[in-house]
Amino acid sequence: MIEFKNYKNKELRYSKCKLWITFQKKINLEKYKANLMTKKQLKKAIYTSIFIEGKSHLETFEKFRGKSKLTPDELADEVAKTPNRQKHSELLNLRISFIIALCLVIILRIIGIYVLTIVESLPISVFLLSLIFGIAIPILGIFAAMKGRVDMYFVVGIFLVLGALRSFTKDLDTNNLVIIGTVLIPLFVAVILAFYIPKKMKIKFTKKVVSEATDGGTNKKLVYHFESSQTTEDLLDGELQA
């Protein structure tokens, strides 16, 4: 009877211990998830690491690996989308063309809104709102082109497409085709470049499985390699040695 009682006590202690361990694991998991970065925070951190601090794509990938809910492939894709300053400089001509097109869009929209205000006697409040919304997106695109914010290009492109469709469907008239063409040409150029520049800025990456020898045997690891994995300091050292 005593042995049975001791067995029951041991089983009870074991159950309590197992329950406590499970509870602690759950708490630790919740703490870990709470500390994970959101996608927005991750994008900002990646941009700061690569574009501002000049770290390589590989360094940045390893730094943020496991610190968000993104899979390694998803993280690698986000890292690859962010250009370094070298890649940013290589596309200077395209970025200048994009900025010029957006400046023309701004000028034409200001003229158009002003003419509409005079012809249709729009209230000053409507004029100001139209002016703000009409030039806000092009200004955002200019900011993206100057600061290497690839994530903004897509947003700018979508809104420019919507603006082009609105202008084309609203003002289409056989007598105004020349005017409409003049207005829409810089808009179409800006739209094309808004989607083309990010593709050119994206860094290629590859992955492969490598085997590492450990005390317990062989451990397989997934290794990523980015096309450009040099830091700013490495590039400067290479130039000095050359």
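This is a predicted model: local features need pLDDT of at least 70, side-chain atom pairs count only at pLDDT 80 or more; totals for chains, interfaces and linings use all residues.

Visitor: What kind of aromatic pair do Phe 61 and Tyr 224 form?

Guide: The ring centres of Phe 61 and Tyr 224 are 4.7 Å apart, with 45 degrees between the planes. Planes under 30 degrees apart would count as stacked and those over 60 as edge-to-face, so the rest are tilted. The pair formed by Phe 61 and Tyr 224 is therefore tilted.

Visitor: How many residues apart are Phe 61 and Tyr 224?

Guide: Phe 61 sits in helix 3, while Tyr 224 belongs to strand 2 (residues 217-226). Both Phe 61 and Tyr 224 are buried. Their pair links distant parts of the chain, and the separation of Phe 61 and Tyr 224 is 163 residues.

Visitor: Is Phe 226 buried or exposed?

Guide: Phe 226 in strand 2 pairs with Phe 205 in strand 1 (residues 205-214). The centres of these two rings lie 5.7 Å apart and their planes meet at 35 degrees, so this pair is tilted. Phe 205 has a relative accessible area of 26% and is therefore partly exposed. For Phe 226 the relative accessible area is 0%, which makes this residue buried.

Visitor: Which residues do ring pairs link into a cluster?

Guide: Two of the residues come from the tilted pair of Phe 61 and Tyr 224. Phe 205 and Phe 226 form a tilted pair too. Ring pairs link these into a cluster of Phe 61, Phe 205, Tyr 224 and Phe 226.

Visitor: How are helix 3 and helix 4 oriented to each other?

Guide: The axes of helix 3 (residues 57-64) and helix 4 (residues 72-81) come within 10 Å and cross at roughly 140 degrees. Helix 3 passes helix 4 in a right-handed crossing. An angle over 145 degrees would count as roughly antiparallel, and the two helices are therefore oblique.

Visitor: Which residues in helix 4 does helix 3 meet?

Guide: On the helix 3 side, the residues are His 57, Thr 60, Phe 61 and Phe 64. The contact residues divide into 7 nonpolar, 2 polar and no charged. The partners in helix 4 are Pro 72, Leu 75, Ala 76, Val 79 and Ala 80.

Visitor: With which residues is Glu 78 in contact, leaving aside its neighbours within four places in sequence?

Guide: Glu 78 is found in helix 4. Its relative accessible area is 9%, so Glu 78 is buried. Apart from those sequence neighbours, Glu 78 is in contact with Lys 39, Lys 43, Ile 46 and Leu 70.

Notes. Residues are numbered from 1 along each chain as its sequence is written. Side-chain values use heavy atoms; hydrogens and water are left out. Axes are lines fitted to C-alpha atoms, for helices over the stretch in contact, and angles run from 0 to 180 degrees between N-to-C directions. Helices (H or I, at least four residues) and strands (E, at least two) are DSSP runs, numbered from the N terminus. Angles under 35 degrees count as roughly parallel, over 145 as roughly antiparallel, 65 to 115 as roughly perpendicular and the rest as oblique. A crossing is left-handed if the near helix is turned anticlockwise from the far one by less than a right angle, and right-handed if clockwise. Contact means heavy atoms within 4.5 Å. Ala, Val, Leu, Ile, Met, Phe, Trp, Tyr, Cys and Pro count as nonpolar, Asp, Glu, Lys and Arg as charged, and the others, Gly among them, as polar. Rings of Phe, Tyr and Trp (its six-membered ring) pair if their centres lie within 6.5 Å; planes under 30 degrees apart count as stacked, over 60 as edge-to-face and the rest as tilted. Buried means under 20% relative accessible area, exposed over 50%, partly exposed in between (1.4 Å probe, protein chains only).
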